[in-house]
Amino acid sequence: MRVLVLRALGLGDLLTAVPALRGLRATFPRAEITLAAPGWLADAVARIDAVDRLLPTEALAPIDFEGPDLAVNLHGRGPQSVQRLLATEPRRLITYAERGEWDERVSSIEWPADRNEVVRWCDLLHRHGIRCDPDDFRLAPVGERTGPVVVHPGASTGARRWPVDRYAEVVRRLEAEVVVTAGPGEWELARQVVAAAGSGPVAVGGLAAGNGPVAGEGLAAGEGLAAGEGLAAGEGSAAGDRLAAGDGPVAGSGLAAGSGLAAGSGLAAGSGLAAGSGLAAGSGLAAGSGAATGPGSDRFAGGDQVAGHPAPTAFSAPTVFSGTLAELLDLVATARLVICGDTGVAHAATAYRTPSVLLFGPVPPSVWGPRRGPHQVLWHGETGDTFADEPDPGLLRITVDEVLDAAGGALCGSESSERATSV
């Protein structure tokens with residue numbers, strides 16, 4: 001039996017679909033399960049233990065597959081995603097869709113509003129006799145949780161981006177070793193956080209060139225939102241919350257080209273880490289190492305001044321982290337704490353049970369937040385336009401002191417959910 005699953009979105013979208021993918025594997029243990037998703041997600045897909053083959057596919061692009069016995073639409077409710085799967089000539093297709101629109105191959109139910117993203121896809125499969133456990137979303141541990149605090153200021157839209165100066169103040173007041181991660185097009189944002197934080201235990205990091213999508217994740221150039229697709233019609237991973245462009249490779253955690261480490265940076269090829277660095281082997285960051293920037297890169301080498309600020313003297317000089325998606329996942333998995341907005345990094349922290357402080361707005365955590373901790377979810381109960389250019393007013397109500405208080409709670413092991421958020 002051949003099963004084809006479409007989830008051609010981003011890292012966060014993939015991780016919220018893990019219980020559904022594992023439900024398919026448990027129901028069809030001998031089937032060949034192919035996941036149509038962006039190729040840069042390969043390192044994450046390999047950790048799910050439910051997929052036999054990743055078929056590189058961009059959002060709403062043609063799917064290079066013929067004649068699956070079963071096609072499963074975990075991408076959206078259509079119509080484009082349904083049409084793309086029907087073009088593969090499946091014997092049967094399970095999907096969310098409006099009733100009465102499709103031929104006898106399509107087995108559909110209506111799209112549920114305001115449903116947690118994990119539960120949404122489990123419900124679809126449950127209704128078709130495929131049992132899933134919504135709480136089966138963890139990824140296997142990769143090492144001790146002794147790494148730095150990860151701060152990810154980016155997000156796929158301005159509405160979900162908490163201000164730079166507030167992230168910088170959090171970094172400055174944490175009194176801990178911090179790695180600031182960046183996504184495609186977000187290097188300047190991370191640079192501004194480091195600059196505004198001034199001297200302190202700050203590093204900047206992200207994915208090496210080629211490990212994430214260009215111009216955000218999920219939508220190939222020119223795909224956009226066609227009439228009747230995406231946000232307005234509910235295509236994408238959740239009606240009203242996500243464009244198909246999704247979170248970015250962890251909110252787009254790639255670095256610009258030229259991210260290679262210069263000789264003498266403290267990292268031999270594939271060497272993993274120096275002792276005491278606090279990161280899992282292979283994460284690409286040696287304790288206290290400097291990394292020279294590649295030609296044309298706007299990143300800064302360890303020890304250089306950043307936007308007129310002297311290099312930090314506490315803990316270690318700023319260090320550029322450059323690695324693969326697998327290495328970034330290892331970084332999150334072994335971090336002491338993750339602080340970020342509603343991004344793929346947040347879902348990675350949830351998957352690895354890494355303590356996190358998650359800043360929500362304009363999308364409520366009841367839809368995209370973690371189901372279980374140890375996480376502190378901050379949300380002021382206001383929804384808005386997730387595709388707006390400016391930070392959502394509800395997100396702006398979250399204060400630096402709230403984040404720092406939540407960070408202390410997360411590090412102490414307390415948990416919260418959408419029913420116990422800040423208001």
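Guide: This is a predicted model. A place to begin is the contact of two helices: Pro-19, Ala-20 and Leu-24 in H2 meet Val-118, Trp-121, Cys-122 and Leu-125 in H5.

Visitor: At what angle do the axes of H2 and H5 cross?
Guide: Roughly 25°, and the axes come within 8 Å. H2 covers residues 18-27 and H5 covers residues 117-126. Angles under 35 degrees count as roughly parallel, so H2 is roughly parallel to H5.

Visitor: How many residues of H2 are buried?
Guide: Eight of the 10, so H2 is largely enclosed by the rest of the structure.

Visitor: Which ones are they, in H2?
Guide: The buried residues are Val-18, Pro-19, Ala-20, Leu-21, Arg-22, Gly-23, Leu-24 and Arg-25.

Visitor: And what covers the buried residues of H2?
Guide: The cover includes H1 and H5, along with strands E1 (2-6), E2 (32-37) and E4 (70-73).

Visitor: Different topic. Where is Thr-16?
Guide: Thr-16 lies in helix H1, which spans residues 11-16.

Visitor: Is Thr-16 buried or exposed?
Guide: Buried, because its relative accessibility is 5% and the cut-off for buried is under 20%.

Visitor: Which residues does Thr-16 touch, leaving out those up to four places away in sequence?
Guide: Thr-16 touches Arg-7, Glu-117, Val-118, His-347 and Trp-368.

Definitions and conventions: Residues are numbered from 1 along each chain as its sequence is written. This is a predicted model: local features need pLDDT of at least 70, side-chain atom pairs count only at pLDDT 80 or more; totals for chains, interfaces and linings use all residues. Side-chain values use heavy atoms; hydrogens and water are left out. Helices (H or I, at least four residues) and strands (E, at least two) are DSSP runs, numbered from the N terminus. Buried means under 20% relative accessible area, exposed over 50%, partly exposed in between (1.4 Å probe, protein chains only). Contact means heavy atoms within 4.5 Å. Axes are lines fitted to C-alpha atoms, for helices over the stretch in contact, and angles run from 0 to 180 degrees between N-to-C directions. Angles under 35 degrees count as roughly parallel, over 145 as roughly antiparallel, 65 to 115 as roughly perpendicular and the rest as oblique.
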